Amino acid sequence: QVQLVESGGGLVQAGGSLRLSCAASGRTFSINAMGWYRQAPGKEREFVANIDWNGGIRYYADSVKGRFTISRDNIKNTVYLQMNSLKPEDTAVYYCGGGPKLGYEYDYWGQGTQVTVSS
């Protein structure tokens, strides 16, 4: 099993920044891709960004390109999401996920962290 624990959410004004962290523990060798999804009230969960654990390949949703950056620290088994120029529409619960490969469904999910952007 793998445990994923997110942190770093909070309340920020529009235009501000936050950095989310997701720490993985347990059988982390089974994870080769990690990423972030988000879910706003009344909406479906949507893809934000993901990263290949070994090669550093990254993908972003169009809505966050140029504003968000995903990165990972292999030693700490942690993935980060740096969020800049935040907008009220970025308000959501952000979930970290992990899986065997980019493009595959995630096998593991964190509990989520709330991000609220005020206008």
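1. Y94 touches E6, L20, W36, Y37, R38, V48, F68, L81, M83, G112, T113 and V115, where residues up to four places away in sequence are not counted and contact means heavy atoms within 4.5 Å. The model is a predicted one, in which local features need pLDDT of at least 70 and side-chain atom pairs count only at pLDDT 80 or more, while totals for chains, interfaces and linings use all residues. Residues are numbered from 1 along each chain as its sequence is written, and side-chain values use heavy atoms, with hydrogens and water left out.

2. Y94 is also among the members of the largest nonpolar core that touch the most other members, together with L4, M34, W36, V79, L81 and M83, in a core of 29 residues. Such a core is a set of buried Ala, Val, Leu, Ile, Met, Phe, Trp, Tyr and Cys residues joined through side-chain atoms within 4.5 Å, and buried means under 20% relative accessible area, exposed over 50% and partly exposed in between, with a 1.4 Å probe and protein chains only.

3. The structure holds 4 salt bridges, each being a side-chain nitrogen of Lys or Arg within 4 Å of a carboxyl oxygen of Asp or Glu. D90 forms one with R38, their closest N and O atoms being 2.9 Å apart, and both of these residues are buried. D90 also meets R67 in a salt bridge, at 2.8 Å from N to O, and this pair is likewise buried. Through shared partners, salt bridges join R38, E46, R67 and D90 into one network.

4. A further salt bridge is formed by the side chains of D62 and K65, at 3.2 Å from N to O; here D62 is exposed, with a relative accessible area of 65%.
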